[in-house]
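Here is a colleague's note to read beside your own view of the model.

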Amino acid sequence: MRYALIGCGRISPNHIAAAKANHLEMVAICDIEAANMEDKKLKFELADSVRQYTDYKELLQAEKPELVAIATESGKHAQIALDCIEAGCNLIIEKPIALSLSDADRIIEKAKEKGVKVCACHQNRFNKSVQKIRDAVEKKRFGRMFYGTAHIRWCRDFEYYHRAQWRGTWEQDGGALMNQCIHNIDLLRWMMGDEIEEVVGMTDRLNHEYIEAEDLGIALIKFKNGAYGIVEGTTDIYPKNLEETLYLFGEKGTVKAGGQSVNIIEEWNFSDMLDDPAAVKRQYHEAPPNVYGFGHTPLYADVIEAIEKNREPYVDAKAGRRALELVLAIYKSAAEKEIVKLPLTECSTLEFQGRF
C-alpha cells in the first residue's frame, strides 16, 4: 500500500515507525522545512526512493498515495485532509481532526462521497490497558456508570512553545485541552457512553503569558445516561510531566488507569470477580518511552485492514469530531460563563481569540 506522510515534526517518528512496522510502501514525505525531512530520513534510514516534497499538493499529484498521514500543525489538518480526500487518499489525521466543527463535518461528508476511510489518530484507544477497560465497559461489568474523571497533569515550558510558533495559538492549535489533553478527553467520553447532555467549563492562562490559549482547563460533564464526568487538564505542572489518569466509577466496578499515557492499570475491582485484580495489573502494564505510547502501530494496522475489508476504522472521523466537540464545548462554556448544551452544530477555536 503506497503511503505518504505530510508533516515531519515532533510526532512524525511515531508515524514513520508505525508505517515501517506495518510494511507500508513509503513513497514520500512532506514538510515545509527541508531540514525536518532530512532529519527523519537519516534517523529512520529511509530509502532514496522515498521522495521529499515541500508542497503536499505536488506530492498528491506525483505520487498518488493510497494512504496518507497528516501530522502538521493542527490548524492545517482540515484543508490538507479535504485535498487528500479529493485526490482519493485514505487518511490518518493526527489529533485534533480539525479546529472547527464545520471543518470536521466537511471531512466526514467528503470522505463518504469519495468512498475513502478517515481515521482520527487517538492512538491511546489501542493501549492494552484501555482495551481491557473497554472490554469491561462493553460487557457492562460496571453496572450503572456513576462518573469518570480524566486528569492530565503535564509540563510544557517556554522552549516547547518557542520551537514551533503555531503552538498555543487559537488559529493553529488551541491550548492545553485541545493539544495535550484531547486524548484522555476522548477516552473519558468514549467510556462513559459518548452522548453528552451539557458541559460547564472554566479555563485560564496561569503560567504561559507568551501563548494565546489556556494552560489550565477544568470541566464538569453530564452524560445523557445520567453519569457525570470531570476533566482536569494542565501544562502547568513543575518540573515535568506528572501523570495522565483515567478513573471510572460504576455501581459494580472501579478502575484506575495511569502512567504516562494511561498505559498502566492501577486499580481493578469488580463485583463479578471474573479476573484477579493483581494479575490484571501485572498483565496490562506498559512502560512507553514517552507520552505518545505504543498505540500508533496497532492504529495503523487497523486502518490498513479497514481499507482492505472496506469497513470503518476503529477510531473513525466521527470519533475525532466527538473529541473536538467536547473540547470546544468546554471552551465555549468558559468564555460565555454558561452551561453549554450538546450537540454543538458549529464552534471553532477562532471564536476565542483575545480570550486572555
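1. Ground rules. This is a predicted model, in which local features need pLDDT of at least 70 and side-chain atom pairs count only at pLDDT 80 or more, while totals for chains, interfaces and linings use all residues. Residues are numbered from 1 along each chain as its sequence is written, and side-chain values use heavy atoms, with hydrogens and water left out.

2. The parallel sheet. Helices (H or I, at least four residues) and strands (E, at least two) are DSSP runs, numbered from the N terminus; two strands pair if DSSP finds at least two bridges between them. With that in hand, look for an open sheet of 6 strands in the order β3-β2-β1-β4-β5-β6, with parallel pairing. Its edge strands are β3 and β6 (118-121), each pairing on one side only. From one strand to the next, the twist averages 20°; axes here are lines fitted to C-alpha atoms, for helices over the stretch in contact, and angles run from 0 to 180 degrees between N-to-C directions.

3. Inside that sheet. Strands β1 (residues 2-6) and β4 (residues 67-70) pair in the parallel sense over 4 bridges. Ile6 has Ile70 as its bridge partner in β4. Helix α1 lies across β1, β2, β4, β5 and β6, and runs at about 175° to β1.

4. The mixed sheet. A second open sheet to find has 8 strands, ordered β13-β12-β11-β7-β10-β9-β8-β14, with mixed pairing. At its edges are β13 (264-270) and β14 (340-341), each of which pairs on one side only. Helix α6 (residues 128-138) packs on this sheet, where it touches β7, β11, β12 (253-258) and β13, and its direction makes about 20° with that of β13. Contact means heavy atoms within 4.5 Å.

5. Strands β7 (residues 145-153) and β11 (residues 243-250) run antiparallel and are joined by 8 bridges. Met145 stands opposite Gly250 of β11. Helix α12 (residues 317-336) lies across β8 (196-204), β9 (216-223) and β14, at about 60° to β8.

6. Helix α2. Which residues of α2 (residues 34-43) are buried? They are Met37, Lys40 and Lys41, where buried means under 20% relative accessible area, exposed over 50%, and partly exposed in between (1.4 Å probe, protein chains only). Seen down the axis of α2, these buried residues fall within an arc of 105°, so they line one face of the helix; the arc is that of the directions from the helix axis to the C-beta atoms. On the other side of α2, Ala35, Leu42 and Lys43 are exposed. The cover over the buried residues of α2 includes α1 (12-21), β2 (25-30) and β3 (51-53). Just after α2, Glu45 takes a positive phi of about 50°.

7. The largest pocket. This pocket holds about 830 Å³ of space. It is lined by 42 residues, and Arg10, Ala71, Thr72, Glu73 and Trp166 are the ones nearest its centre. Helices α2, α4 (77-86) and α7 (158-163) each supply at least two residues of the lining. On a 1 Å grid over the protein atoms alone, a pocket is an open set of points where a 1.4 Å probe fits, with protein on both sides within 12 Å along at least five of seven lines, and lining residues have an atom within 4 Å of a point. Grid points are joined across faces, edges and corners, and a volume is the space filled by probe spheres set on the points.

8. Glu286. This residue lies in the loop between α10 (277-283) and α11 (296-309). Is Glu286 buried or exposed? Glu286 is buried, with a relative accessible area of 12%. Leaving out residues up to four places away in sequence, Glu286 touches Asn127, Lys128, Asn263, Ile264 and Phe294.

9. Backbone details to check. A cis peptide bond joins Lys95 and Pro96, with omega about -15°; Pro96 is in the loop between β5 (90-94) and α5 (101-114). The peptide bond from Tyr238 to Pro239 is also cis, with omega near -5°. His23 is not a glycine, yet has a positive phi of about 60°, and His23 is exposed, with a relative accessible area of 72%.
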